[in-house]
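The structure comes first, and the notes follow by topic.

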There are 2 protein chains.
Amino acid sequence: MTVVSVEQALSGDLSPGTQVTIRGWVRTRRDSKAGLSFINLTDGSCFDPIQVVAANTLPNYAEAVQHLGSGCAIIARGTLVASQGKGQSLELQAEQIEVAGWVDDPETYPIQPKPHSLEFLREVAHLRPRTNLFGAVTRIRHCLAQAVHRFFDENGYYWINTPIVTTSDAEGAGQLFRVSTLDLANVPRTEAGDVDFKRDFFGKEAFLTVSGQLNVEAYCLAMSKVYTFGPTFRAENSNTARHLAEFWMIEPEVAFADLDDIAQLSEDFLKYLFRAVLNERMDDLKFISERVEKNAISRLEDFVSMPFERIDYGDAIEILRNSGVKFEFPVEWGLDLQTEHERWLTETHVGRPVVVMNYPEQIKAFYMRLNDDGKTVAAMDVLAPGIGEIIGGAQREERLDFLDRRMAQFGIETEHYQWYRDLRRYGTVPHAGFGLGFERLVCYVAGLNNIRDAIPYPRTPGHATF
Amino acid sequence: MTVVSVEQALSGDLSPGTQVTIRGWVRTRRDSKAGLSFINLTDGSCFDPIQVVAANTLPNYAEAVQHLGSGCAIIARGTLVASQGKGQSLELQAEQIEVAGWVDDPETYPIQPKPHSLEFLREVAHLRPRTNLFGAVTRIRHCLAQAVHRFFDENGYYWINTPIVTTSDAEGAGQLFRVSTLDLANVPRTEAGDVDFKRDFFGKEAFLTVSGQLNVEAYCLAMSKVYTFGPTFRAENSNTARHLAEFWMIEPEVAFADLDDIAQLSEDFLKYLFRAVLNERMDDLKFISERVEKNAISRLEDFVSMPFERIDYGDAIEILRNSGVKFEFPVEWGLDLQTEHERWLTETHVGRPVVVMNYPEQIKAFYMRLNDDGKTVAAMDVLAPGIGEIIGGAQREERLDFLDRRMAQFGIETEHYQWYRDLRRYGTVPHAGFGLGFERLVCYVAGLNNIRDAIPYPRTPGHATF
């Protein structure tokens, strides 16, 4: 008998009368007085469970079927028939039900068929994918990740897996995780008494990467269009709902491109991703919009249908100053925009996604390209209603003399960056790219408020289960 | 004027007479006595460069065009015309050539238009993607990675990004990289004098993951079909051509599946990947087969056209003992197969890929399912001509009492594995999966002997540039 997934059984591709085997986990069981049991069976392949109807004529009805509860695994064989209930077209008339796995002590099984708090579910991360919500989040996350790779592949980009462990010194060294095989109980010392990193695994200090951008630039200046999609790390001890110590980043980098090109790429990219979710995961989005965030569908539809607005940073400052709104943080040329300013710009002032461009040079990173005004760099942030900043990007400083001056200005020693300087010595071209935190995107699409719910296994400083 | 990539220009989709702009880097320049310069221009989009023909009537011919050398970046505008040379259909008749970036001190530019040793190129990893070989490797690697995601997506698998930093104790703790924010110059101690990991970032010891398998099993028992594709780490101080400290692993895990199912999945999966490379990257494969590994194409074609052989481990031992071959390592029931045995089985005895199944239980990991004979576990290795072991997999022990006995036998404390035991208490089902090192696969397809050439930035213990 053909094995089909619940998704295949409910897809409409199989006609009533088809004999199938369906395997999965019981959500709920309800018994009728007429001697029928109605079992909601899920296998994770789609949001909806399939209804399995088991009659008391099954040989193991009293001994097994009537003991099935939430979480039990079964293999059901039978015939697909038109459903009597509303909502679903087909259900499975069971001719045989085999129990693959029982639930020990069902009273204490953590995943009961009722709503659980997100806090509680973080404590049972290995079981939470069995809930409606985390099944939906997992499928949406998958759909987004596939769309990321597909978008870049279709547009001629090559995936580059930049190093995770890096010995390159980076900006913001205070937020780095060290990677080491030294014995912490007995750290080797040099004669001068310093830690002897020559005896560490890589022969020097090594850290987890905070970004693949600098590394991927080298590939950009050979392959023209490239991207990273991999984990990055920040040892920020800020236990907030918006930060993760470990998160996945997407960083495209394009040769012969300027800030406008990359602003356009941001728009095309985000719209492509959201269209993919709208096309492929409407089942999960419906659940999210009913139970989690009522605008989950409409805000994606709005997003893909409306053009982004582009505003110069200087104009944004003027608009904010003349807004009449009393902001908590000061608004002044030379200061960075705060979340309250960004949200007001995109949600209230424009009502659509906004790209703010050309920020003051002193508040942006050393590798960003100085504009002709000498005061701003070709940097941009993409702000979106309901989330604020979602993408940060820039044209890179491709002129060696300008780069050297900026490195000196930021107190960065060129010693570690000879290879990066080389890229400006040998066939340098204008190039630009952006960075996008994947989990922020998942939160936005799945209506999640806490970023720990966008990863399979949440960890927090001081509380790490896995 | 439309900007096109070299790939688009050479694709045959554009007719002679089309006006285009092509941007990239000069490979070589050759001047004819008739006052024409022939420039081979590459942009990384495909293996072949396009020939740009520049006449001495261009205003910057003497001052710029005649100084162009390997690595210079140019923007060429002109008309696509039928090529006079052999091999290529179209070339670009330049009407304008703009130099975007020169090469400082061309004599010392590391990437000269001549063959370089692989050792030398590892020292200039930021420039080696500009060579024919590493351009080809990068495109092949990308093609394989895309095919990995596509295969799983088309077959109903969900991508799960299991944790990179893990606080779970694992088998083989000696080969773990520690992740820490403690100050090594001043390690905090408990009153008893031990390292005080409570004061470390996660409040306990943390390491880089060696495998996502255990974590992904939890998702398998909720979503049915899942996979990981992410970085894993081994602090092995073996500086060989076959080991990396950081490498990407692919680990599918399937519910309601046994060892035969996963052997079939291995075969379907590898054939799908190799077909993708044969379909999409014949340009790069041709170069590989001409310069690196002459069987590069034919061995992939053989691979996809022939069925895998399946041999029981016990039978494999008998076959090896009766082979008449004098092996360096002993062949005996209960010992693991060595590379020489694996290579002989797949290359000489069968001449096709071989799946060896059901290994002695004492030489395989604790989580593998004990067979009914009580002596073997449902483990398998896939061996392929030219590479040896390429995939290792197993059916997992889904029975709690068997798992507990195996954990006790291997001296594994159950304390850290309560969540893993939970999976056997709550709706457990037979499940199976495999692991595949992505870089080994890239080496095989691209004909590379040293695994450091399959990653963008090679690092070795004691020599880590990036």
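Between chain A and chain B, 44 residue pairs are in polar contact, both residues at pLDDT 80 or more; a polar contact is a pair of N or O atoms within 3.5 Å, where within protein one must be able to donate a hydrogen and the other to accept it, and residues adjacent in sequence count only if both atoms are side-chain atoms. This is a predicted model, in which local features need pLDDT of at least 70, side-chain atom pairs count only at pLDDT 80 or more, and totals for chains, interfaces and linings use all residues. Residues are numbered from 1 along each chain as its sequence is written, chains are lettered from A and ligands numbered from 1 in the order in which they are written, and side-chain values use heavy atoms, with hydrogens and water left out.

**Interface**

- Helix α3 (residues 132–154) of chain A gives ten residues, the largest share of the side of chain A that touches chain B; helices (H or I, at least four residues) and strands (E, at least two) are DSSP runs, numbered from the N terminus.
- In contact (heavy atoms within 4.5 Å) are 105 residues of chain A and 105 residues of chain B.
- The two chains bury about 9,000 Å² between them, 62% of it on carbon and sulfur atoms; buried area is the accessible area (1.4 Å probe) that two parts lose on being put together, summed over both.
- Two salt bridges (a side-chain nitrogen of Lys or Arg within 4 Å of a carboxyl oxygen of Asp or Glu) are counted between chain A and chain B.
- One of them joins Asp104(A) to Arg425(B), with the closest N and O atoms 3.5 Å apart.

**Strands across the interface**

- Strand β9 (residues 178–180) of chain A and strand β9 (residues 178–180) of chain B run antiparallel, joined by three bridges; strands pair if DSSP finds at least two bridges between them.
- Within this pairing, Ser180(A) has Arg178(B) as its bridge partner.

**Sheet of chain A**

- Chain A has an open sheet of eight strands with mixed pairing, in the order β7-β11-β12-β17-β16-β15-β14-β13.
- β7 (158–159) and β13 (309–312) of chain A are at the edges with a single partner strand each, so one side of each has no neighbour in the sheet.
- Strands β12 (residues 246–255) and β17 (residues 431–437) of chain A are antiparallel and share five bridges, and Ala255(A) is partnered by His431(A).

**Sheet of chain B**

- Chain B has an open sheet of eight strands, ordered β7-β11-β12-β17-β16-β15-β14-β13, again with mixed pairing.
- Six bridges link β15 (residues 376–384) and β16 (residues 388–395) of chain B in the antiparallel sense, and Leu383(B) stands opposite Glu389(B).
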